[in-house]
Amino acid sequence: MGFVIFTFVILIGVLMICYNRDAHKLFSYMAEHHRQIWVRLGSPSAAPGEYAGTWSPSWNFIFRREYRRLNDPIISQYGKRLVIQARLIAFCFCAALAALIAANFFGATG
């Protein structure tokens with residue numbers, strides 16, 4: 001069971017690196033090709049998230065799929081990737097937590 005938890009934790013790390021890399025590429029591209037929208041989003045350069053109890057405008061842009069309105073295939077590609085990566089991160093986190101709970105409940109080790 002420990003190997004399963006370890007595997008999910010490693011996957012979360014790898015996915016977070018990919019997620020941050022793709023977010024940086026997306027926002028760098030937007031800074032050059034869609035400057036007004038990029039500024040409206042707060043000039044982001046990193047992965048979107050929650051700050052001070054509210055979701056960042058870039059989070060809404062990605063996860064409400066507002067990027068589709070731009071009809072830009074590069075932005076659409078990165079937007080889709082970010083949504084998929086975020087879902088995989090959430091899945092791996094839940095799976096690792098479930099495995100940890102199961103290991104403690106059933107007394108499994110190793």
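Is D22 buried or exposed? With a relative accessible area of 0%, D22 is buried (under 20% relative accessible area; exposed is over 50% and partly exposed lies in between, with a 1.4 Å probe and protein chains only). The model here is a predicted one, where local features need pLDDT of at least 70 and side-chain atom pairs count only at pLDDT 80 or more, while totals for chains, interfaces and linings use all residues. Residues are numbered from 1 along each chain as its sequence is written, and side-chain values use heavy atoms, with hydrogens and water left out.

On confidence, the protein averages a pLDDT (the predictor's confidence in each residue, from 0 to 100) of 89, and 95% of the residues score at least 70. Helices here are DSSP runs of H or I with at least four residues, strands are runs of E with at least two, and both are numbered from the N terminus. Where pLDDT is low, the predicted coordinates should not be read in detail.

Back to D22, which sits among the buried residues of α1, along with I5, F8, I12, L15, Y19 and others. Helix α1 has 32 residues and spans 46 Å from its first C-alpha to its last, close to the 46 Å expected at 1.5 Å a residue (1.5 Å times one less than the number of residues). The cover over its buried residues includes α2 (35-40), α3 (57-63) and α4 (73-106).

The whole structure turns up 2 salt bridges, meaning a side-chain nitrogen of Lys or Arg within 4 Å of a carboxyl oxygen of Asp or Glu. In one, R21 pairs with D22, with the closest N and O atoms 3.2 Å apart; R21 is partly exposed, at a relative accessible area of 40%. R81 also forms a salt bridge with D22, the closest N and O atoms being 3.5 Å apart. That pair ties together distant parts of the chain, with R81 in helix α4 and D22 in helix α1, 59 residues apart. R81 is partly exposed, with a relative accessible area of 31%. Through shared partners, the salt bridges join R21, D22 and R81 into one network.

As for the surface, M1, F3, V4, F6, I10 and V14 make up a nonpolar patch with about 570 Å² of accessible area together. Patches take residues with over 30% relative accessible area and no salt bridge, joining like charges within 9 Å and nonpolar side chains (Val, Leu, Ile, Met, Phe, Trp, Tyr) within 5 Å. I10 belongs to helix α1 (residues 2-33) and counts as partly exposed, at 43% relative accessibility.

Key: Areas by Shrake-Rupley, 256 points an atom, 1.4 Å probe, with all protein chains shown as cover. Contact = heavy atoms within 4.5 Å.
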